Amino acid sequence: MNIRNAELGCESAAPGICCCDVGSPRRHSSFSHRSSFGISRRPQMKFNQREPFGLPGALRAATDTPGLAKPTGDDLQDHLKDSLHAGHAPGLVGLVAHGDEVRHVVLGRMALDGPAMQRDSIFRIASMSKPVTAAATMMLIADGNLKLEEPVDRLLPELANRKVLRRVGGPVDDTVPANRAITVEDLLTFRCGYGLLLVPPGTYPIQKDIAELGIVGFGPPDPNMPFDGDAWLKRLATLPLFAQPGERWIYTAGSNILGVLIARASGRSFGDFLAERIFEPLGMKDTAFYVPPSKLERLVTAYRPKDGSLEVWDDPATGGWSRPPAFEQGDGGLVSTADDYLAFVRMLLAGGAHKGRQLLPSDAVAAMMSNQLTPAQRLDGEIILQEGQGWGYGMSVAVEKTPTGAPVGTVGWSGGFGTRWQSDPAKKLTSILLTQRMFDGPKPVSIFDQFEQDARMLAEPH
């Protein structure tokens with residue numbers, strides 16, 4: 001890790017669990033800044049990782065439309081089955097979409113001792129919420145309610161006249177004035193100056209202040225946080241920035257600030273705006289910030305790894321996503337299904353269009369899917385971004401072929417509760433894999449890399 005990365009670290013909920021989110025570039029010439037976008041802990045449940053644990057029917061797979069190559073399709077299914085037998089998670093839902101062709105794989109159980117996984121099982125998608133938050137922001141820019149380059153002070157006066165730590169590890173009162181205001185684009189690109197500190201708790205004085213505030217944005221999403229968006233922002237604003245606006249890529253807090261901004265700019269709650277402008281038009285009927293009682297039986301049990309076992313950390317019936325949150329968190333608060341998320345991704349790959357309706361201007365989508373970071377900023381964030389990847393608006397973008405084989409232009413992101421999306425826009429290829437096991441580090445485990453490699457093989461001509 002380079003020296004700059006060593007200064008920025010993880011406020012994890014548990015030792016060894018890094019921020020719980022990571023993920024998977026190109027600058028688009030048609031986008032112009034002069035355009036309209038100008039723009040209670042649960043009981044630990046153990047299993048023997050050397051033995052398979054309840055794969056109902058071993059594997060259930062369905063191909064909705066013919067045409068995907070059968071031999072590599074079998075490989076994809078077998079690799080996923082092997083991962084579950086090895087104890088990665090109780091179950092999963094995966095899909096590969098190539099053009100109009102879609103293959104679903106539904107495997108295992110919704111809980112270690114639970115019912116069979118279903119295609120419409122609901123997962124906590126964590127940081128896969130970020131692209132949705134970015135898309136909502138770009139809609140408001142298209143509406144003229146926001147401008148990309150404008151200071152956020154107009155709608156977020158709490159963030160006016162920022163002070164900046166002279167050194168991120170220095171005394172909290174050793175600050176300098178911000179060189180400029182935070183802009184909407186700074187929030188989209190995670191260059192607003194707030195975010196995760198990827199060092200052990202207690203390393204820096206500022207971490208004590210963060211902990212005392214009891215707010216999200218510096219670790220995993222937490223639907224149990226008692227503060228609403230306005231109260232959260234008021235508390236956040238008591239902290240100095242960790243870096244000058246526009247200077248460094250610091251992960252995650254920008255999306256939560258955007259959630260407050262969207263609510264104020266639209267005049268409705270963040271969740272209502274997403275439902276009206278994104279979820280309802282796309283038919284994403286199971287995507288929201290919580291699961292209503294009528295659907296709770298479809299919400300998977302969430303686990304985290306501990307001492308070679310899986311420990312329940314969120315129970316469907318009584319957990320954090322079983323009721324509306326006080327703060328609808330734009331960085332990681334959504335639940336969704338594989339098919340719902342595919343509908344959102346397909347809208348992006350279609351340049352913002354869905355069934356003849358333009359939900360998002362094509363140049364806005366192009367900007368979202370274009371790398372916005374300098375080489376130094378990419379290097380600064382590589383521990384989370386991973387090698388070969390930059391950041392657009394709310395998603396990663398491959399600036400070079402990645403070590404796992406993703407080609408230049410590949411976009412996507414992961415959710416640290418055990419989910420991942422990746423798309424190759426040039427080939428109209430999308431893979432989505434949803435599990436209920438929390439990541440135990442900033443890099444997704446091999447099941448995700450293997451799945452994406454198998455998906456690329458499916459799309460190759462035979």
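A word on classes before we start: Ala, Val, Leu, Ile, Met, Phe, Trp, Tyr, Cys and Pro count as nonpolar, Asp, Glu, Lys and Arg count as charged, and the others, Gly among them, count as polar. Please also keep in mind that this is a predicted model.

With those classes in hand, turn to the second largest pocket, which has a volume of about 310 Å³. Its lining is made of 21 residues, and Phe279, Thr287, Ala288, Phe289 and Tyr290 are the closest to the pocket's centre. By class, the lining of this pocket splits into 11 nonpolar, four polar and six charged residues.

Next comes the second largest cavity, with a volume of about 60 Å³. Which elements each supply at least two residues of its lining? They are the strands β16 (419-424) and β17 (429-435), together with the helix α13 (446-459). Among the lining residues you will find Gln422, Asp424, Leu429, Glu452 and Arg456. Three residues of this cavity's lining are nonpolar, four are polar and three are charged.

Finally, have a look at helix α6 (residues 229-236) and helix α7 (residues 253-266), which pack at an angle of about 130° with their axes 10 Å apart. The two helices are therefore oblique to each other, and α6 passes α7 in a left-handed crossing. On the α6 side, Gly229, Asp230, Trp232, Leu233 and Leu236 take part, meeting Ala253, Asn256, Ile257, Val260 and Arg264 of α7. This contact brings together six nonpolar, two polar and two charged residues.

Note on methods:
Residues numbered from 1 in each chain as written. Predicted model: local features only at pLDDT ≥ 70, side-chain atom pairs only at ≥ 80, totals over all residues. Heavy atoms only, no water. 1 Å grid on protein atoms, 1.4 Å probe; cavity = no way out; pocket = protein on both sides within 12 Å on 5 of 7 lines; lining within 4 Å. Points joined across faces, edges and corners; volume = space filled by probe spheres on them. Helix = DSSP H or I, 4+ residues; strand = E, 2+ residues; numbered from the N terminus. Axes fitted to C-alpha atoms, helices over the stretch in contact; angles between N-to-C directions. Parallel < 35°, antiparallel > 145°, perpendicular 65-115°, else oblique. Left-handed = near helix turned anticlockwise from the far one by under 90°. Contact = heavy atoms within 4.5 Å.
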